[in-house]
Amino acid sequence: MKLLQVVTLLGAFIEAAVALPSSDPLAPRACTTPKLRKEWSKATQSERTSYINAVKCLTTKPSKLGLSHRLYDDFVWVHATLFPQIHSVPAFLPWHRYFVQLYENALHDCGYTGNAMYWDWVADSSAPSKAKVWDPVTGFGGNGNQTSTTWGTNCVLDGPFKNLQLKYWNTEVRPHCLLRVWEPGYPEYNITEMLGASYTPEVMATINAETTYEGWHNGLENGPHGAVHQGVGNFAGDMGPQLSSPNDPMFFLHHTQVDRLWWLWQQQNPQARTLAYGGVREDGTTVATLDDILPMMGFAPDAKVRAYMDVKATNLCYKY
Ligand SMILES: [Cu+2]
């Protein structure tokens with residue numbers, strides 16, 4: 001066989017090998033051009049507008065679950081119903097990674113061409129209320145009306161979501177406006193505005209010093225993750241510790257940041273940490289493994305934890 005023939009054959013063979021569908025989502029050759037997920041304030045105005053329009057579009061589409069609510073409410077419903085299985089457990093991080101991915105897909109189906117975006121609340125922790133994400137023109141609008149403490153009155157007054165109508169509060173049908181109750185902060189009690197002191201770079205450095213998945217996950221979920229929910233929503237706002245927190249579109253910018261912080265921790269030692277996983281499952285006794293199932297209630301296929309560990313996996317393929 002002539003050299004040229006060998007080279008041609010070899011080329012065809014490589015091409016065929018590359019085109020083969022991979023059953024292993026962690027196959028290294030699969031993700032050659034990862035999509036960049038941007039910080040909200042770093043995106044262009046047309047990207048931001050397109051994102052917000054797509055979020056609104058989710059309220060015009062029917063439920064994929066066949067329920068009598070909108071596609072928008074599917075995200076709220078799935079999160080609220082699965083809540084005990086996906087919080088305070090090792091699956092917290094991969095499940096929310098999958099959930100953000102499904103949200104990004106849904107935004108794409110609504111005409112958005114960009115990628116998931118995040119709010120870097122670590123960078124804004126010294127004055128979270130001044131963050132660009134709350135801008136009424138270029139962001140998600142600001143705090144709710146604080147004239148009353150009656151549930152359902154703390155409606156967001158400005159920005160693109162001021163007329164948003166929401167259906168669920170936890171798992172109950174309780175129609176309401178988008179509610180926000182920013183933690184005002186009480187300097188005399190050392191409580192900072194929006195609980196910013198709980199997600200500073202110093203706090204993150206301490207959590208990032210954890211070398212095990214279990215240690216890092218617990219530090220992040222119970223610390224900064226929870227503080228941001230509480231700081232934005234409090235007990236009467238949608239972003240608070242409610243089962244229905246995906247009601248606030250900010251949920252997804254928050255959880256993309258959570259995902260980014262996990263990725264940053266993995267990147268400190270990719271060899272050891274990309275598949276680092278562990279801890280105890282929701283039953284309180286079973287040890288978590290990469291073969292555990294991430295439930296999605298028929299909204300999307302259930303998946304294995306293993307498939308949501310590596311952002312370079314074919315089914316994800318993004319970077320920060
Ligand atoms: Cu959650």
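Which helix gives the most to the lining of the largest pocket? Here are some notes on that and on a few other features; please keep in mind that this is a predicted model.

1. **The largest pocket.** The answer is α6, which contributes six residues to the lining. The pocket holds about 230 Å³ of space. There are 17 lining residues, and those closest to the centre are F83, H225, G226, H229 and P241. At least two lining residues come from each of α3 (71-86), α6 (213-233) and α7 (250-267). Sorted by class, the lining has 13 polar residues, three nonpolar and one charged.

2. **The copper site.** Three histidines coordinate the copper ion through their NE2 atoms, namely H79, H87 and H96, at 2.1 Å. Along the chain these donors follow the spacing H-x7-H-x8-H. H79 sits in helix α3 and H96 in helix α4 (residues 92-109), so this pair, 17 residues apart, links distant parts of the chain.

3. Are H79 and H96 buried or exposed? With buried meaning under 20% relative accessible area, H79 qualifies at 1%, and H96 does too at 3%.

4. **Helix α7.** This helix is worth a look for both its length and its setting. Its 18 residues should span 26 Å at 1.5 Å a residue, and the end C-alpha atoms lie 25 Å apart, which agrees. Because 16 of the 18 residues are buried, α7 is largely enclosed by the rest of the structure.

5. **Aromatic pairs.** You will find 26 aromatic pairs in the structure. In one of them, W40 and Y51, the ring centres are 5.4 Å apart and the planes meet at 80 degrees, so the arrangement is edge-to-face. W40 belongs to the loop between β1 (35-36) and α2 (45-57), while Y51 is in helix α2; the two are eleven residues apart and link distant parts of the chain. Both partners are buried: W40 has a relative accessible area of 0%, and Y51 has 2%.

6. Y318 is buried at 1% relative accessible area. Y320, at 15%, counts as buried as well, given the cut-off of under 20%.

7. **An aromatic cluster.** Which residues form one aromatic cluster? The members are F75, W95, F99, Y103, F251, F252 and F299.

Note on methods: Residues numbered from 1 in each chain as written. Predicted model: local features only at pLDDT ≥ 70, side-chain atom pairs only at ≥ 80, totals over all residues. Heavy atoms only, no water. 1 Å grid on protein atoms, 1.4 Å probe; cavity = no way out; pocket = protein on both sides within 12 Å on 5 of 7 lines; lining within 4 Å. Points joined across faces, edges and corners; volume = space filled by probe spheres on them. Helix = DSSP H or I, 4+ residues; strand = E, 2+ residues; numbered from the N terminus. Nonpolar A, V, L, I, M, F, W, Y, C, P; charged D, E, K, R; others polar. Donors = N, O, S within 2.8 Å, 3.2 Å for Na, K, Ca; no water. Buried < 20%, exposed > 50% of the residue type's maximum accessible area, 1.4 Å probe, protein only. Expected span 1.5 Å × (residues − 1). Phe/Tyr/Trp six-rings, centres within 6.5 Å; stacked < 30°, edge-to-face > 60°.
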